[in-house]
Each structure stands twice: as C-alpha cells, then as structure tokens.
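Have the sequence and the 3D view ready.

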Amino acid sequence: MAEPLFSVRGLKVALPDMTRKPLIGRAPLAEILKGLDFDLPKGSVTGIVGESGSGKSTLGRALVRLLEPSAGSISFEGRDISHLSEAELRPLRRDLQMIFQDPMSSLNPRHTIFSIIAAPLRQNGLGDRLKERVAEALQRVGLPQNFASRYRHELSGGQRQRVGIARALALAPKFVLADEIVSGLDVSTQAQILTLLEKLAAEMGLTVGFISHDLSVIRRLCQQVIVMREGRIVEASATDALFDNPKETYTRDLLAAIPLPEIDADWLRPKAPA
Amino acid sequence: MSVCLDIRGLSAELPNGQRVLRSVSLSVQPGEVRALVGESGAGKTMIGKAVLGVLPKSVRIVEGDMLIEGEDLGRLDAKARRTLIGARTALIPQDPLTALNPSRRIGPQMTDRLVRILGWRGERADTRIRQLLDEVQIRDPERVLKSYPHELSGGMRQRVLIAAAFAAEPRLIVADEPTTALDVTVQKQILRLIAQLQRDHGTAILFVTHDLGVVAKISQKVSVLYAGKVVEEAETAQLFAAPQHPYTRALIAATPRYTDPYASLKPVDESVLAGLTAEIAAADKDWRPGHG
C-alpha cells in the first residue's frame, strides 16, 4: 500500500456538551471520538460513513485541524500536527481543504464567483495570474467562464457545489475533506457531482476524505471505507470487501436499510424472530 | 367504493402567470399507496398542499377538479371544504420538529386535533392516542405524552406524528417526504410502520418523495413529475420493469445502487433534459395565463 498521507493513532476529541451547560460557568466536556486508529494512503479516496451522532463530521474537522485532539495523534506526511498552534498551521491550510455540505451557506452572497475562488488563492500567496488560475479552476469543474461574474443566487444547487469544488481544488491541496457534499442535491445532480469528483480525484491524484451518511454513494467513489458509530470505528476495510462481505452486524444493518430502486416485497416485512 | 382521491386536469400558476402545475391528473384508490416522485421544483409537494387546501397564497388554482371520495372540493364553500378535508385527510410532514409546537407537551398536541376539529370528548381522544402510540411501537407512552418535542429523537417524533395522522381514521394521508430527514436505519423502521398502519387501517396514501428507492418499497402506483407535469404514470412494479419515459429511465439510472455501482449514478443526459423542455413548451403552447 502507498505510504500514508495521514496516520491517526488513538485519536480522541472532546467537545463542550451544551445540553449540560450550567447557567454560569463552562459546559462539561463530552467525548465525541473515543480512540480511533487508521491510515489514509496517499492518492486514495476514503469513505467515512455513519449515522447522526457517529462522530464522522468531528473526525473530518479534526483531520483538517479545525479541532484539536484531546488525546492521541494525527500525523500528516509524517509530521505530528495534533497540537500545532494556529500560526504553525497556517502554512498547512493550503494543503488541507474542505468542501462543505451546503454551498448556499458556504459561499458569500455578496461576492462574485471570481472573488470567492480568488480569495483563498490570494491568502495563500498565489495572487499572481489570478484571472488565469480562476479560469482554470472553473474549467476544471465544467463551469463556463462567464460564471466568474455571477453571484451564488444565480446558480443552481449543482453549480454552487461545483464552485465549492473549484475553490477547494484551486489551491492544489494534498488533502480534500468532502463533508456530505451531495446530500442536499437531486439525484441527477448528485450523480454529476460524484462523477466529477471521481474524475478529478483520479486526474489530480488527490487524497480525499468523503464523509457521508449514505453508503450507497460510497462504492463507486471510494477505495476504502471507515464505518463509524458513536465515536468508534465499527469496521474499516477495502470498499469491495466491505460491500461484498461485511463483517460487522452494524454494517450489514446499514446496508440492508438502504432502499434500492428495485421491487422487493419482503423489504418492509417485519424481521422474522431469530 | 368511490375513488379516494381524484385529481383531474389540475393547473396552478403564480401571480406572474408562470404555470407551476400543468394539467395534473391522478387518482388514489381506497387503501392504495401512490407515490409522487420528482426532483426539486417538480411540484410534488404542491400537489399534496393543494389536496389539503394549504397552498401558499401566491399559488392560484386556475383549472381542474379535485374530488375526495366523490365530493368535488370546488363545489363546496370554504367552510364545508375545510370540514371535509379535516375529517377525511391527514398529513405526515417531512420535518416533525417544525410540525410540532416546541412549547407544548406531546399529549395535548396529539389530542387537540381530535377534540377541536372532530369534536371528540377528551377521554375518547386520550384512549385513541394511547392505542395509536402502541401501534407505532412506542413502549413508554406516559413518558412520551409528557415530553416536549425536543426531548424526543427524530425517529420518535416521526412516530408520534404518524400516530397522530392515523388517529382520526382519515381516508387519505398525504405523506410529504416523511423519512427524508432521518437516518437510514430509522427510515426503514418508519417506512415499515407506515406500511403496517396503512394496511391495518385501509388508508390511502399520497406519498411524496424524491427517492426512487422509497417509491419501489412503499407504493403500488407511481406518478413521475417534472416541472409540474406528470411525465409518466404506472403501477410501481411496471415502472421499474419497463420505464417508458426517457426521464424516468434517466432518474432510475442516476439513483445510486451499491449492488451495481457502475450501472447506477449515471448523470442525466442533456438530450433527456432538452426533450423535457420541449415537452413542457408543447404543453404550454395553448395555455393562456389566468384563464381559469
């Protein structure tokens, strides 16, 4: 296997539990990630799957160091980045990019698409040849050049998500975290965005963390899958092995719960008692 | 028995004359589940709202008829129409959290409709609600009835709303994306419950969804919508065995199937969309805004 881009050992993340916050004083911490070990090989697409509360988004945010681990380590290219300060992280930000679930709220409504894609380029010292770089970014995601002068409200959901991808990839990052990027989209648009990401990941040799609640979109795109539940890894394996021969009951339940677009009269029957 | 819901040539438009429903015809037989499937903007939720008489003020019905068990809603005055809709229909909404009042306990919210709209005595309503909570497999009804909505999980809240919808024995339920906000394992439990109660009570359901997987599992009949127009109508088994319209075929091919990853997730072809645009233009050729 290729050398890992990320190497994660014993990762724990604790966040303030606002539901238990006293009127005065700090909220007590709740452990969201309870000790995770895994590697992300360079140039691979890894699916991170789980239901709500599984900790998949927290894991994603820890990987790109929007959150600091409370225990364990995250190594990026062999360097421990678990406790780097904001200043020490700054040169790494360019390499760790995110694509968000809801492009409507992650794109500034008052900025043109050009300035949305150009802003991170400027911040990361790529302010020369801006027009050229933005044009290239738009072309990469299949958007016409005249979109540069438009605003987010003039775009459809799929086009907005293309802008999100263009912005993240314009910096030629080493790692891209895609957090539920197709869950708000119609199926026809969803298929377009997934095939686009599949193509770009292969062309650019990207390492991608693809967070999703939906196992059915994972198989085409990902080489390996991490299934999470309640802050722990339930099962992690190569994609085909996971789908063809899931080892854990929970993974099997998740697969069985997906309604395939096929007639199956037994699907809704209550489970026979074991 | 008469047709439970019969929609004939229903057209609706916005104040600017833009047509949002295009001569929609569909029927739901007693005890049958009909799915309305389409992507955003297809008009599927709007049809559900039209049936329940809760269209936004900006949407005007300009043509067509809606009949509930043979009674033509258009011939009734506003009060009689509300009474009829209140007595014979119910809604299972998409988001149970926004459908429930956050500042009131579950119990009174559930009995309210029975007492206020149907004029039941409090005791009868209470017994009925407990019976339904049992049917939706809520094992600790006391706790649930005393809870506020935020104290329950998403799946629990949806169970409560399913129980409330079936409580008054409506003839027709409009289920508007009732599982879209739920985790996939919870979705399966909720779909099972809806199917179970629907069979036991013989209720007809108009099931609005964007998910062809859900369509395949829950419905017997299906109408595929695009831009407010029914582009295909079929028995569900028939639709999946031999889809007729290019758009239906494209939608099925775009829907992910983990069992067959390379035959699914196919982007919709430009020619299909061009065909749809031409079809909509043809449907609107002789349309005069506001002539209804």
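This is a predicted model: local features need pLDDT of at least 70, side-chain atom pairs count only at pLDDT 80 or more; totals for chains, interfaces and linings use all residues.

Residues are numbered from 1 along each chain as its sequence is written, and chains are lettered from A and ligands numbered from 1 in the order in which they are written.

Chain A has ten helices and ten strands (DSSP runs numbered from the N terminus: H or I, at least four residues, for helices, and E, at least two, for strands). Its C-alpha atoms fill a box of roughly 65 × 50 × 50 Å along the principal axes. Of the 274 residues of chain A, 41% are buried, with 20 or more other C-beta atoms, placed from the backbone, within 10 Å of their own.

| Domain of chain A | Residues |
|---|---|
| domain 1 | 4-95 + 174-250 |
| domain 2 | 108-172 |

The C-alpha centres of domain 1 and domain 2 of chain A are 25 Å apart. Their contact (C-beta atoms, placed from the backbone, within 7 Å) takes twelve residues from domain 1 and eleven residues from domain 2. Helix 7 (residues 187-204) of chain A gives the most to the domain 1 side, with seven residues.

Now for the partner: the contact between the chains takes 34 residues from chain B and 30 residues from chain A. On the chain B side, helix 8 of chain B gives the largest share, seven residues.

Methods
A residue is buried if 20 or more other C-beta atoms lie within 10 Å of its own, exposed if 12 or fewer, and partly exposed in between; C-beta atoms are placed from the backbone. Two residues are in contact if their C-beta atoms, placed from the backbone, lie within 7 Å. Domain bounds come from an automatic or database domain assignment.
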